[in-house]
Structure formats: structure tokens, C-alpha cells
Amino acid sequence: MIPIFISLVFESTFYMDSKRASRKLGYGFSTQHQEISLTDFVVNAKKELEAVPVFDPWRHIAVEKKVKRFLDNESQEDAANNEKSYSKEYKKTLQKHLQEAGFYRSKIDGDFGKGTRAAIIDWQKSIKKNETGYLTKKQIKALNQTYGGFLGHGYPREMQNLHLYDLSTSDLRYPTSIKLAVNHLKEMDSERDRLRELQAEDKISEAEVYRLWWKKYNSFTWWRDTQTRSIDVVYGDTPTFNRFWHFWINYFPISVDAVEAELFGNYYLTIRKNMASSFSELLYDATWHPAMQEYLSNGESTGPNSRRARDIKKNREKKIAAINENLARELLELFTLTPAAGYTQDDVNGTAYVLTGWGQVWNDDVKEGYFDDYRHEPGAHKVLGKKYRGKPKDKLKALCIDLALHPMTARHVANKLSVHFISDSPPEEAIQFIENIYNQSSGDLVQVHQAVVDAVIKYGDNYTKFLQPELWFFNVHKAIDGGLPLKFLGQSDDWGHEQTNNILYELGHLNSRTPQPNGWSDLAVDWLTPEMMDRRVRYIIQLIPKIEYKLKFDPDQYAVKFFGKNSIEAKDVKDTSSYTSACLKIFCHPKFMRT
Amino acid sequence: MKRRNFLKGSLGTLYMMASPNMAFPDVNLTEKRMLVVLLRGGLDGLATIPPLGDKHLSKIRKDVLVQGANDLDGFFGIHPNLKFLEKEYQKGNAAFVHATSFPYTGRSHFDGQNIMETGSEQAYAVTSGWVGRAMNAAGFSSLAVSLPIPIILRGNEVNSNYFPTTFAKATKNHYAEVEKMWQSDSQLNGMLKNISSRKMMLPGRGSTQELVSFAAKEMHKPNGPRVGLLEIDGFDTHALQGNEQGDHAELLEDLDNVLKNFKRDMGPLYEDTVIVTVTEFGRTAFENGTRGTDHGWASSMILAGGLVEGKQVVSDWPGLEKRNLFEDRDLKMTIDARDIYAEVVKTVFDLDDDVISEHVFLGYKPEKYHGLLKKS
């Protein structure tokens, strides 16, 4: 007998009310949450989905700032006095860290002379502190944590450097147009090249490259994107809308391993903009967007009879004028039909021909839907028996419309939505319910999303869904009403390596690092492992100081709210004397980890 | 145009091990060790072990054509960056198989990876993996040093995983409380059992090299794990694949170094070890329009270690002439990869052919063994 992974159907110990619905179609609730009837919940949720709300998460930041004020009161005199007690070895370590930070250039001798003093002053300047030349204990901690604790752990470099620099003056606005995004990207690219060249000529050190780059462009855009999504989830008032937005971000995933970070913001906004349009428009916009073009390497795909191909021949370039079928294949396999539709290699090729000419966005006059027919394969291209011809730029739109209206696409979208919102093995009626509305409305996303709300209420009560790490994280912070690790404020004195991206990475689910083009898994079997469960326990313990003293979260009250007034669980939390244990009994409870 | 992130982390390398399963102390355990290397994305066999004797190769490839490949047997060559493997081949400790694959021609990563991991002929037909089932049949438990446990290892009764974290460990009492709370939950019950008691320490969040050294050290112990699994991403070289230099060449160099260090750290036990690669498919024989290659069918496979009957390239070469290619574009599969894996599993786990056929490859009976492993 071959043992297979056991998939379980849980007893229905839940019933559907607005609290449970708010977890299935949002991110849960805090102690202050006002209970409403299920009917009202459904009305509100559907209303939320009718139009795209303005995305302005920054207005919430003021709230975070208030919580985070913290002063370093150590005087220069105290700092100088403390320094006297440091051993030579300890001083060497500090010099080493100042060197790694790109400020100290003299010998590591444990002697705090002129060079060290100047390096300390430069470093203090870079973090906008008083330039005393003497390190306070807080500053030493920061220096050690950054350069002592972080290097050598194999982190992405940006994680090591981020909190040394002040982000408060960064331009953290979303690039609302593709032109802004691409121009920003090009500007940053040329600065990188300039610094890299200086490094290659041995004029500056590697550390200096980072320092100078950060000084000028002190933001990491995909960090901003995770941060802002988190802020909007925890403080915003459109949870159901956000759940669908995040669903589609993962449906059309991109990864920082292959896509410039600067493109993320505009890509996410482009997906968001389509939340009240149709699937075909969403599909079209996600496909032509430079982020996706770059992720699935379509940009240089060349039609064998294009003008580009002629030039290759004419100039005898050592290149082959041909297509790259990467994006074309995923467009059929992951975004629309799925292999079950039985398309052929010819269909993939036809799609790839349609896609030639997209993705070359590096010109100065780049605009929405940018297209360059220099590489485009002229003529008609056949996909699923239909020929796409006419104006080169219009072929993709026509193809996207046909693919979106294909019954296999309706089935695929309905299935993905059901798996995400209802169950790893959703009931057939639920899938069909969504599929029918999709077909009737020609993929109108408002109607499809509203159908999901109905399906969750109608079919969801007998099914539980295990929360992916990001969702669990959002549910926890929603419950405690804040406490997000928002390191990018920069001016805060709270130096720990607490940062949303870092925490989500540790929890195993940093959205912008999608391992493969099929996105993060929706299935419990991919998340339910000892290591991942251990991290949830550890994260709650790490959160305790913050939630106990800063947020004054009351586990007893929350347990009553969450589990019910007379529940065994609420009683158990009440009977627990340790604050940490009480919190573990809420946030690591199987009922909290599922919806 | 080469556009890459300025600051790029290197993640995506996972690794796991299998130890004798304490639940079955009486099972006849072998002393042999196996390292499975998953090459995700689809390895370009024609760039790794280029068939230098096939005159069509240089006609259908330009930018991705590998120059300076070293000759292996008069027909096949080896990529110049696979220095360690070439030496091992000459010493009789490494062998290659060419024009091999799973019998899957759909060219989808996800279906292809599912098939290479489950060992089934249909994607998503089973939820367990062929290595997991082989370990289970032989009485091993596994520990994956990765976040999700890769499908190829699932199907083992005692699964665990480990990956270094910067979160501080919880106290014994807290683990006990949570464990108690999870006891009545059939999915969560027992999850923390190994976590709270394990002693193993990884050297921080390591590079591939560190992880493999760590793996070798653990596998080196007398009672240590018998199976290791290493995942390497990035073989999906659609654009700017490179040739003897470039992205693909760098990946091969990394792989070569990893295996070299693995050998060093295995010490004398390397004699009882086999390393074998697994990939979802090969790539198109032709170069595409972005100086890369697209999804194809057959690829090449690497076998190394003391257990390997080395210095041979096993192949029934189908040829690169257009009419010999699958659908005019892909290298044809002439050796079913399962035949090779069956031989490896038979040697390492000491399993009967019937057990392998029934449990590991779900009814598939290998056509023949190719003599790639030493007779013990």
C-alpha cells in the first residue's frame, strides 16, 4: 500500500456568520470590530467590489509613527565615558563594521584615532544623528546588528542595508503610469551602471557602491509594495476588494529574480485598475505590461519575417531571428486554457507570433500598451483554428478576448477562485456556480467576484481553508490592530531587523519572490510542514513585547470575540496565566489558522 | 540587453535528507548513500553534454553553441565548466546518459515537474514522489532542508523539514503547549515533535555550498541520513542562455563545484555513494530568437560517485537532423529516465524489481538496465 498525503474533510464545527465570512473574504477582525448580520456583510462586501477604491495607504502611516517614537538620550559625554571601558578587540570589531558600512578606510587596529572618529561622524551623518564622533549604545547595537549580525547569512543584500538609511525623504509614491515607472527605472539603471563602472575602475569599494546608491535612491520598490499592501490590509476598509486584488497578483505572478523592482508598483496598480473591468482586459493588461514581458522573457522575441529579422540577415549579425515561446506557453497554460484544453505546439507558436513586438519599452516615449512592430511577425497567425490578422498591435487584444471567452478559461478561473476562497478540493457546485456567472457575463469581474462572495456563503460553511503564511500574518495583525513591522520609516530608532518583507520571507511566503510562474500554492499540503508551523509559533513569541506593552492587546477579550463567549477555547485562554501562552492559544489555534 | 536586479539574493536552493526510520528498526538498511539533484527549469542536455560528433549541432545553434567542450568518447563532449565531472569521468567515477527523459512531451514546466517528481505518467495523478516511495519501501524517514517539502519526497510516512531561520526558538514549555493544542487536529498533530527535540544546527542561512557541505557531513555519520536532495533553479534558459560563458555556464560551474565539495566532505563514504540528476525536460534543439532555447523533450543525465560504473556515455543517439527531431524541434527520448532511476534505486535501497515497479514507478517495468551502477 502506498501511503499518500491524507487530505481531510473537517467536521463542521463552524457555522457561517459575518465573523467567519470576514475571515474567508477578508482578513478577519480585531477586538473592536462591530458585529453585523451576515446579510449586511454580503451587501457591504459586494458593494466594495463594484468599483476600484482609491489606493492611498500612506495616510495610515501617521498612525504607525505615533506608536514608534523612541528617543536615544545618551549624551556625547556618556558615550565617550562608556567607550573607555571597551577592549581593543571590541573596538576592532566596531572598526570592522564601520569599514563594512563603507565609512572607515584605515587600519583595523582597535585604536580610536582621527580616522575612526571621522568614520563615526560620517556614519552618524548618514543616519541623521548628531555628529558627535562617539557611538551611543543604541548606535552600537544598530551597527552590530547590521554589519555583525547580518552579513554572512546569505540574505539578499538589500536586507542588510535597508535600515541604515533614512527613507523618510524617499519618493515612495506609486508610479501611476508606465512612463513614470520606466523612466524611473532607466534613471536608476544609469546610476547603477555609473557606480559599477567606478567600482570596476577600483575608484570606490563595493560598500561604497551600495552606500552611494542608497543615498540617492533610498527605496526598494518591491518592499514598498509589500509594505503598502500590508498597511492597507490592516488599516484600510476594503478587505474583500484587497483579497481579490491579491488573488490576481498571484494569478499573474512576477518575481524579483527576473523583474526590475521598479516595475512592480505599476504592475500591481495595473492589475488593481482592472478589478472592476473584465477578465479579458485584465489578461491583456497583465500580458503586455513590461513586468510580465520581462518575467517571461518576451521582449526580444523576433518574428522570422519581421524587419528586425531582415536587418539581422543584412548586417550578418550572429543572431537567430526567431520567437521565444515562454510567455506564449504560459498565456495558454497558466492564464487561460490549461493543458486540458488540448492546444498544440502550433497554437503556442501562433500565440508567440502574436506576441512579437511587445515588451520593448525602453524608449523615452513609452506609453500604455506600448508596441513596436519592428520585431513583429507580419501576416496572420493561427491560434485554435482562428487567424489573427490586421493591425499588428491589435492582434493581442483580439486574442486575449477570444481566450478569455473560451469555456476552458472560465472553468480554470472558477476553479482557481474556488480553491483559493473555499477549499483545496472545492465542491463541484461552487465551481460551476462561478463558472456559469463567468460565462453569462463574458468574464465581467465585478459579477465574477460577487459570485465568489455568494459561493463562499452558500457552499463554504462545510469547508475550511488553511491560511497561507501571508494571510495568516495579515489575520494576526488585523486581530491585534496594527503592530506591522514597518522598518522603512528609517527615522525610527527601533533598529531590529523587523520588516514586513523580512518577516514574510521567514514565514516562507514573500510574495515578490514567487518561485515559479504558477504563483504561490493555494494548497495546505504545500504549507503544512513542521518548519513552517514552527515559524508561526516563533513569530508570535517575537511579537509579544510589542503587542503586550505597545498595543495593549487583551487576549481574554479577543478570545471571547473570536471563539465565542462560552467556548472552551475562550475559557482556556482566560485560565492561562502567561501572556505569551494566551496569545499562542489564539494565533496558533487550529481554528485561527484556518477559515 | 542584459537586465538584472542590482541586488539579487540567491535563494531557491533546497536540500533534504533521509535517515534510517526509527519506526522500523528491523528493516535491512543499506549503507549506501544517494544524492538526488533536481535541476528545475529543464536542463539543456545539448549544451551540457554536447554531441560533438553530430554535424547538425553547429548548424542549428549559434549563440548558444558551446565552444571548447572536451571530448569524452569521440562522439560526446562535456561543457568546459564541468571540470570536476570530467575528471571523475576519466577516473571512472562518473557517467552520462543522453537523449533521456520521462515519456512526457507536453512541454509544460508544471506538468513536467510534477511527472519528474511523482514518477507517474500523468501529471497530478498521485500526490507522492518516487524518491519518497522508494525510501518508504526501504524503511527510511526523511528530513527536508527546505520550506515546502518537495513533492518528489512526499509519500514517506515520517516527513520533516528544516530550514534555517532568524526567528528565535521557542521554549520547551511553549512548544509543549502548542503541541497539546494541536493534538486533536489531524493535520497539525505531531508537527512540532521533531522541532522541539532536534539538535541539528545549520550554519546560518547558507549558500548552496554550505548546505551541501552540511549535508555531506550529516550523511557521513554512521547513523546519518542515506538520501540527500538538492534543488537548483534557473535552468529555464529562454533568453541569453550563453554558451561556454554566460548564465547557463555559470549554473553548470556552480553545480560542478557543489558536487566537488560534496565528494570532499563525504570522504571515504563517497565510494558508497551515487549522485543522480533529475530535470523535467530538455530544451529545443534549435536556438530561439532571444539567444536561448525553449521547452523541449529529451535531455542529458549526470551520474557520479563511487557506485557508478563510470567512463561511459549511455545513449541511443536519435540524431539532430530535422526529420529525426520530435515534432521537427526537440531531441527525441530514446532512453526512458525511469530505467536509469530504477537501477539507481535498486542499488541504493536494495529493492526487488517487483517492488520498484509496483511502488516506485507505479506499474512501469523498466525495459532494461544499462549497467550504470557497479555490481556489488
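1. Let's start with a strand pair. In chain B, strand S5 (residues 94-101) runs parallel to S11(B), and the two share four bridges. Helices (H or I, at least four residues) and strands (E, at least two) are DSSP runs, numbered from the N terminus, and two strands pair if DSSP finds at least two bridges between them. One bridge to look for joins Val97(B) to Val314(B) in S11(B).

2. Some housekeeping before going on. This is a predicted model, in which local features need pLDDT of at least 70 and side-chain atom pairs count only at pLDDT 80 or more, while totals for chains, interfaces and linings use all residues. Residues are numbered from 1 along each chain as its sequence is written, and chains are lettered from A and ligands numbered from 1 in the order in which they are written.

3. S5(B) has other partners too. With strand S10 (residues 299-304) of chain B, S5(B) pairs in the antiparallel sense over six bridges, and Ala94(B) has Ala304(B) as its bridge partner there. With strand S12 (residues 335-336) of chain B the sense is parallel, over two bridges; look for Ser101(B) opposite Asp336(B).

4. How covered are these strands? In S5(B), eight of eight residues are buried. A residue is buried if 20 or more other C-beta atoms lie within 10 Å of its own, exposed if 12 or fewer, and partly exposed in between, with C-beta atoms placed from the backbone.

5. Now the core. The largest nonpolar core has 94 residues, and Val274(B) and Leu303(B) touch the most other members. Such a core is a set of buried Ala, Val, Leu, Ile, Met, Phe, Trp, Tyr and Cys residues joined through C-beta atoms within 7 Å. Helix H10 (residues 337-349) of chain B gives this core its largest share, eight residues. Another core, of 87 residues, lies apart from it, and its members include Leu331(A), Tyr353(A), Tyr370(A) and Val452(A).

6. Which residues does Leu303(B) touch? Leaving out residues up to four places away in sequence, the list is Ala94(B), Ala95(B), Val274(B), Ile275(B), Val276(B), Val308(B) and Leu372(B). Two residues are in contact if their C-beta atoms, placed from the backbone, lie within 7 Å.

7. H10(B) deserves a look of its own. From first C-alpha to last, its 13 residues reach 18 Å, close to the 18 Å expected at 1.5 Å a residue; the expected span is 1.5 Å times one less than the number of residues. Because 12 of the 13 residues are buried, H10(B) is largely enclosed by the rest of the structure. Among the buried ones are Arg338(B), Asp339(B) and Glu343(B). Asp350(B) follows H10(B), and its phi is positive, near 55°.

8. Compare helix H9 (residues 247-266) of chain B, where 20 residues reach 29 Å, close to the 28 Å expected. Its buried residues include Leu251(B), Leu255(B), Leu259(B) and Phe262(B). Seen down the axis, the buried residues of H9(B) fall within an arc of 160°, so they line one face of the helix; the arc is that of the directions from the helix axis to the C-beta atoms. Gly267(B) comes after H9(B), with a positive phi near 60°.

9. Ile115(B) counts as buried because 24 other C-beta atoms lie within 10 Å. Not counting residues up to four places away in sequence, Ile115(B) touches Phe102(B), Tyr104(B), Ser120(B) and Ala123(B).

10. Over in chain A, helix H28 (residues 579-587) is mostly covered, with seven of its nine residues buried. What do those buried residues pack against? They pack against H23 (469-479), H25 (530-550), H26 (555-563), H27 (568-574) and H29 (590-593) of chain A, together with helix H6 (172-182) of chain B.

11. Finally, chain B overall. It has 11 helices and 12 strands, and 56% of its 376 residues count as buried.
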